Structures are given as C-alpha cells and as structure tokens.
Amino acid sequence: MADHYEVLGVSREATPDEIKKAYRRLARELHPDVNPGEDASERFKLVTHAYDVLSDPEQRQRYDMGGDSSPFGGAGGGFGGFGDVFEAFFGGAAGGRSGRPRSRRERGQDALVRVTLDLGDVVFGAHRDVEVDTAVLCDTCEGSCCQPGTQPVTCDICHGAGHVQRTVRSLLGNVVTSQPCTTCQGYGTTIPYPCGTCAGQGRVRARRTVSVDIPAGVETGLRLQLPGSGEVGPAGGPNGDLYLEVTVTPHEVFSRDGDDLLATLEVSMPDAVLGTETTIESLDGPVDLEIRPGIQAGDVLTIKGRGITPLRGGQRGDLRVGVHVVTPTRLDAKQRALIEDFAKKTKAPAPHLAEFHQGLFAKLRDRFRNG
Ligand code: ZN
C-alpha cells in the first residue's frame with residue numbers, strides 16, 4: 001500500500017495548493033483519456049484516491065494519524081467526490097454547478113470610420129456628418145426581442161438555469177458535467193414569439209449619420225473616440241464606441257511642424273536687396289508681410305498665432321515663412337552689363353567658405369528641405 005504523499009510526490013507538510021497542483025500534473029499525465037495504458041490506469045486510481053484523501057482536511061488528518069489504509073471505499077473516502085476530481089483536473093471549468101444563465105443583452109461592437117481632412121480643417125477644427133453602417137435598436141420590440149405583447153418564457157429543458165447536468169460514463173464511473181443548455185443557448189429563457197422585424201435580435205442593421213465635431217490640431221493616424229456611438233448591442237445592450245480615424249491630405253503650400261505651419265516665400269533678387277511689402281494668402285486670409293532690405297535666403301519671417309491650435313487646447317502656433325531668394329537666370333545684354341557694373345562698384349568678395357551655420361535658421365532650412 002503506497003503512501004498517499006509518495007503517490008502524489010509531495011512532502012507531508014505540503015499545502016493544499018501544492019497537493020492540488022501535484023494532482024493536476026499527474027492527472028494530466030495519467031488520465032485514461034490521455035494515457036490508455038493499463039499501468040497508467042492503475043496509477044491514476046491511486047493518485048486520485050490519494051488526492052481525495054489529502055485534499056479533504058478531515059480525511060487528511062485521519063490519514064496522518066494512521067486511518068484509511070484501504071485504497072478504495074475507506075472510511076469516508078473512496079470515490080466520493082467526482083466533482084472534486086473533475087474540478088481539480090479541469091481547473092473547475094467543467095464543474096459548473098454554480099453559474100447563472102447568461103444575458104441576451106451584450107455590449108455592441110465598436111466601429112471604425114475613416115475621415116479625410118485638409119490642413120484648413122486641422123487648423124480650425126471641422127464638422128463632419130459621417131455615414132456609418134451599424135446596428136440600431138429595433139423599433140418594434142425596443143430590444144426585448146419578443147413580438148409586442150409577448151415575453152420570454154423559462155426554458156423547459158434547463159428550467160432557467162442556462163446549463164444542464166450531463167452524466168458521462170468514464171473509467172472513473174459516472175461523472176456529472178455541466179454544459180450550456182442547447183435549447184436556450186444558455187440564456188435560461190426561450191422566446192416563443194420572436195419579433196418579426198429584427199428576427200428576435202432586438203436590433204436591426206441600419207445606415208446612420210453621425211455628426212462629429214473634429215477638434216483642431218488632429219493629425220494623420222489619430223483616432224477620435226466617440227463613446228456610445230458604435231452599434232447597439234444584442235437585445236438592446238449598450239452601444240459600443242465609434243472611432244474616427246483621421247487622414248490629413250498634404251497641402252500644396254503649407255506644411256505642419258508641431259503646432260506651427262511652414263511655408264516658403266519666393267523673393268526676387270531686387271526685392272531682397274531693396275526690400276518691399278507684400279500680402280500673402282494664409283489659411284486665415286490675407287496677411288501683410290514686410291520684406292526688409294537685405295533680407296537673406298533662409299531668413300524666416302514669423303507670423304504669430306497663425307499656426308495650429310494644439311489638440312489639447314492652448315495658444316495657436318505660428319506661421320513661419322522661409323525666404324527663398326530667386327536668382328535671375330536669363331539676362332539680356334543690358335541687364336548683364338548692369339549687374340557687372342554693380343559687381344565692380346561693390347567689390348563683392350569672391351566666393352569663399354563661411355563659418356558653418358548651426359544656428360536656428362540653418363536647422364529650419366534643413367527642415368524645409370526635408371519637409
Ligand atoms: Zn424587434
């Protein structure tokens with residue numbers, strides 16, 4: 001007669017948890033369904049009996065004091081607890097003696113809709129009416145799933161429990177398992193007269209228009225969450241959420257840099273030399289710009305507060321306009337003579353390497369080039 005502790009491979013001081021773990025490990029290895037060998041079957045019986053005794057505090061105490069010497073049918077032992085055996089083996093999943101019927105009402109699924117915005121929408125925010133294919137509450141039954149005037153009735157088969165006990169013959173003898181009732185799908189009730197409009201689902205497919213205010217400052221890839229604007233759940237369950245995924249189309253003139261807008265201003269050589277005034281068309285409308293005499297290629301003119309409103313609020317960024325001086329490329333003889341004369345009179349230095357500019361403007365120029 002093997003010692004129960006030895007059979008399970010645990011010490012005499014093993015905790016109930018350690019005993020349970022040891023039993024599960026052995027049961028997985030030796031269960032007749034897994035291991036059809038004769039020896040395995042015998043060992044499984046021993047292991048199971050050892051577990052039955054040691055998992056019951058009273059029996060374990062008695063065993064420790066020298067009781068229960070017979071492997072089966074001993075004092076209060078034997079295969080008393082099939083449920084316990086199966087619970088230990090399946091981690092309680094097949095136990096199912098507790099558990100309530102499940103609800104027909106479930107949360108609806110989330111939905112994703114894509115919206116395309118231009119840069120103006122990003123600067124000022126936008127309003128969109130988006131069409132969503134979704135599920136809405138059934139008008140006829142208002143989510144009850146039943147024909148008006150009728151109600152669900154308690155399931156005949158499971159009597160409202162939502163699950164049924166099934167007795168399965170196995171090498172262990174008869175084992176009772178609990179399974180969802182197939183008649184009511186585990187709901188515990190059946191619907192004798194399903195609503196004709198929604199076929200007893202409590203909701204119908206529909207195309208819905210959702211009005212959305214899109215805040216300023218969004219960017220491509222951002223998902224806006226609209227809680228409760230997704231589809232309604234089965235049987236009138238709560239709505240899921242609607243997600244709006246944003247794509248911003250590139251603008252011909254302006255690009256974005258954080259909360260700032262960037263643009264390039266082409267200035268002719270004479271205007272760069274002499275200075276001038278001009279009006280540019282920003283996303284906010286016309287803005288007057290002063291080109292100071294002697295402005296350099298790469299200089300940046302900053303127009304405060306004409307950038308993007310940050311998504312989380314706060315002050316608008318700036319519009320930064322980088323100067324690009326356009327060198328004349330086709331000169332007639334007279335123009336050429338003028339420039340040559342100018343060069344002679346100014347004694348401009350020959351081209352030469354300058355100190356490397358690592359200042360702000362050099363960086364900005366790089367950004368313009370890359371962006
Ligand atoms: Zn209905």
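How many bridges join strand β12 to strand β13? Keep that one in mind while we get set up.

**Before you click**

What you have open is a predicted model, where local features need pLDDT of at least 70, side-chain atom pairs count only at pLDDT 80 or more, and totals for chains, interfaces and linings use all residues. Residues are numbered from 1 along each chain as its sequence is written, and side-chain values use heavy atoms, with hydrogens and water left out.

Show the whole chain as a cartoon: there are 9 helices and 15 strands. Both are DSSP runs numbered from the N terminus, with helices being H or I of at least four residues and strands being E of at least two.

**Stop 1: the hairpin**

Select residues 276-282, which are β12, and 285-291, which are β13. Here's your answer: 7 bridges join the two strands, and they run antiparallel. Two strands count as paired if DSSP finds at least two bridges between them. A hairpin of 2 residues links β12 to β13. Now pick Thr276 and look across to β13, where Ile291 stands opposite.

**Stop 2: the zinc ion**

Next, select the zinc ion with Cys138, Cys141, Cys195 and Cys198, whose SG atoms coordinate the metal at 2.3 Å. Donors here are N, O and S atoms within 2.8 Å of the metal (3.2 Å for Na, K and Ca); water is not among the atoms, so sites may look incomplete. The angles among the 4 donor atoms are 106 to 116°, and the site is tetrahedral. For four donors, that label asks that all angles lie between 85 and 135 degrees. Along the sequence, the spacing of the donor residues reads C-x2-C-x53-C-x2-C. Check the surface too: Cys138 and Cys141 are both buried.

**Stop 3**

Now try Cys155, Cys158, Cys181 and Cys184, which UniProt lists under "binding site" in an unreviewed entry. Such annotations may be inferred rather than shown by experiment; the positions use the numbering here, and feature names are shortened. The four are spread over 30 residues of sequence yet cluster in space, with a largest C-alpha distance of 8.9 Å.

Zoom in on Cys155, in the loop between β3 (153-154) and β4 (163-170). Cys155 counts as buried because its relative accessibility is 1%. Beyond four places away in sequence, its contacts (heavy atoms within 4.5 Å) include Cys181, Cys184 and Gly160. Then hop to Cys184, in the loop between β5 (173-180) and β6 (189-190). Cys184 is buried as well, with a relative accessible area of 1%.

**Stop 3**

β8 pairs with β9 (residues 242-248) in the antiparallel sense over 4 bridges. Click Leu224 and you'll find its bridge partner in β9, Leu244.

**Last stop: Pro215**

Finish in the loop between β7 (203-214) and β8, where Pro215 sits. Is Pro215 buried or partly exposed? Pro215 is partly exposed, with a relative accessible area of 31%. Leaving aside neighbours within four places in sequence, Pro215 is in contact with Gly125, Leu224 and Leu311.

How values were computed
Four donors count as tetrahedral if all angles lie between 85 and 135 degrees; four count as square planar and six as octahedral if opposite donors are over 155 degrees apart and all others between 65 and 115; anything else is irregular. Buried means under 20% relative accessible area, exposed over 50%, partly exposed in between (1.4 Å probe, protein chains only).
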